[in-house]
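Hi,

Here is the structure I promised to pass on.

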Amino acid sequence: YLPIYRLVFSWNSNRLADKQVTQCIEAAKRVTVDSCSFRSPTIVLIIGESYAKHHSQQYGYGLKTTPRQVRREASGRLTKFSDVVTCWNLTSFVFKNILSMHVVGEKGEWCDYPLFPELFRKAGYRVTFLTNQFLPKAKDAVYDFSGGFFLNNPTLSEAQFSLRNDKTHRFDDGLIADYDRLVGDGKIKLKGDSAHNLIIFHLIGQHVNYRTRCPNNRRVFGPEAYKERRPDLNDRQRRIMADYDNAVIYNDSVVDAIVRKFENQDAIVIYMPDHGEECYDGAHFYGRMNSAQVTPRLAHAEFEIPMWIWASRKYRATHPEIWRKVKASRKRPYMTDALPYMLMYLAGIECPQYRDELNILGDKYNAKRPRILKHQADYDELMRKEKEEAAKKEATAKKNSSGQVSSKKKTNKRNKK
């Protein structure tokens with residue numbers, strides 16, 4: 001934190017960003033699209049923020065934090081995916097990986113490959129990007145700079161996006177108001193033969209500070225809700241957990257409101273957060289640990305994420321085969337660095353960069369592709385070892401328990417004699 005270190009860090013960060021922008025611009029120049037069927041007229045991608053899967057009612061959490069998403073799933077219009085991880089637990093790194101056609105394990109870097117919004121624009125889609133984080137503004141935090149520099153560069157922004165919002169909001173429902181304005185002004189067209197849209201909502205979600213992520217009049221949970229559930233926590237920790245769960249249920253209302261905008265359209269909606277979050281789950285800690293080593297506990301809390309796909313009644317009627325594939329794929333293992341390939345399949349974009357084995361909805365999807373977290377830990381190997389350790393502990397406990405019972409029986413026999 002000394003000024004000299006800050007100066008060196010800033011200089012190095014700007015130098016690296018400049019180099020990566022140059023590489024991104026060169027990659028954009030090589031973008032080619034062979035054809036596009038516009039298979040899905042309207043594709044909506046909602047990117048959440050800091051979403052702890054284990055605080056989601058949809059995934060078994062004990063409190064009703066996602067009632068609207070649960071209802072949509074029960075109606076059969078929303079399909080939940082059960083085995084999804086992100087490759088990083090930092091928003092800036094996640095964005096670089098999910099926007100780039102590069103996937104973890106390939107040669108080169110993320111900036112050596114085209115960004116998928118560029119391919120959508122080249123194919124003829126109108127690409128709208130509504131973000132509550134990555135806009136150029138004064139006093140950006142380092143993660144805003146790191147995650148936003150390649151989005152806000154004028155050349156790259158023009159190559160990727162047809163429309164953008166120009167200000168952030170205290171709460172995420174401000175992005176919905178931005179969307180409504182663009183539709184009202186005729187800048188987003190949802191009807192007509194040429195109305196092909198990719199609309200990306202990037203939320204602030206459950207990013208710390210949690211208390212600031214939910215309006216006061218929308219709070220549901222208080223510290224008292226955790227006295228019996230979490231007696232190990234003190235009052236301050238219970239309040240923080242309540243703040244987090246209130247942010248989750250507010251996020252539930254926001255994504256539901258976005259979905260409602262497309263209920264009468266030929267539209268499909270994908271929801272996924274950038275990464276997970278810790279909120280006193282397995283450790284007395286909240287936020288994220290920027291640890292070099294990824295442990296099973298860290299993988300569960302910060303890399304496992306919720307993901308679902310919703311489709312309107314009209315979309316399911318006109319695209320029954322796609323909806324069948326969505327439902328058939330819900331248990332496949334997935335890492336979100338391959339997201340562009342699913343989106344391109346949904347759009348019907350044919351280009352040299354597309355690979356069917358990376359499309360989770362594809363018949364040739366490679367479910368055995370290693371899911372490498374932070375470029376150093378194999379998620380599935382971590383889970384395998386964790387299960388082995390748990391099995392060993394259980395076997396040892398049973399053996400000890402059996403030994404104690406046997407010893408008691410021998411003692412009882414001696415006492416009888």
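Predicted model: local features only at pLDDT ≥ 70, side-chain atom pairs only at ≥ 80, totals over all residues.

Is helix α8 largely enclosed by the rest of the structure or largely exposed, and why? It is largely enclosed, because 22 of the 26 residues of α8 are buried (buried means under 20% relative accessible area, exposed over 50%, partly exposed in between, with a 1.4 Å probe and protein chains only).

Residues are numbered from 1 along each chain as its sequence is written, and side-chain values use heavy atoms, with hydrogens and water left out.

Back to α8, which covers residues 235-260 (helices are DSSP runs of H or I, at least four residues, and strands are runs of E, at least two, numbered from the N terminus). From first C-alpha to last, α8 reaches 38 Å, close to the 38 Å expected at 1.5 Å a residue (that is, 1.5 Å times one less than its number of residues). Its N-terminal end is capped by Asn-234, with a side-chain oxygen 3.1 Å from the backbone nitrogen of Arg-236.

Next, the packing. The largest nonpolar core has 77 residues, and Ile-43, Phe-120, Met-342 and Leu-346 touch the most other members (a core being a set of buried Ala, Val, Leu, Ile, Met, Phe, Trp, Tyr and Cys residues joined through side-chain atoms within 4.5 Å). Helix α12 (residues 339-347) gives the most to this core, with eight residues. Apart from it there is another core, of 44 residues, including Leu-78 and Trp-308.

Met-342 sits in α12 and is buried at 0% relative accessibility. Its C-alpha is separated by 6.6 Å from that of Leu-361, 19 residues apart along the chain. Leaving aside neighbours within four places in sequence, Met-342 is in contact with residues including Ile-270, Tyr-334 and Leu-361 (contact means heavy atoms within 4.5 Å).

The Glu-277 side chain makes a polar contact with the side chain of Tyr-210 at 2.7 Å. Not counting residues up to four places away in sequence, Glu-277 also touches Arg-288 and Glu-302, among others.

Cheers

Definitions and conventions. Polar contact = N/O pair within 3.5 Å; in protein donor to acceptor, adjacent residues only side chain to side chain.
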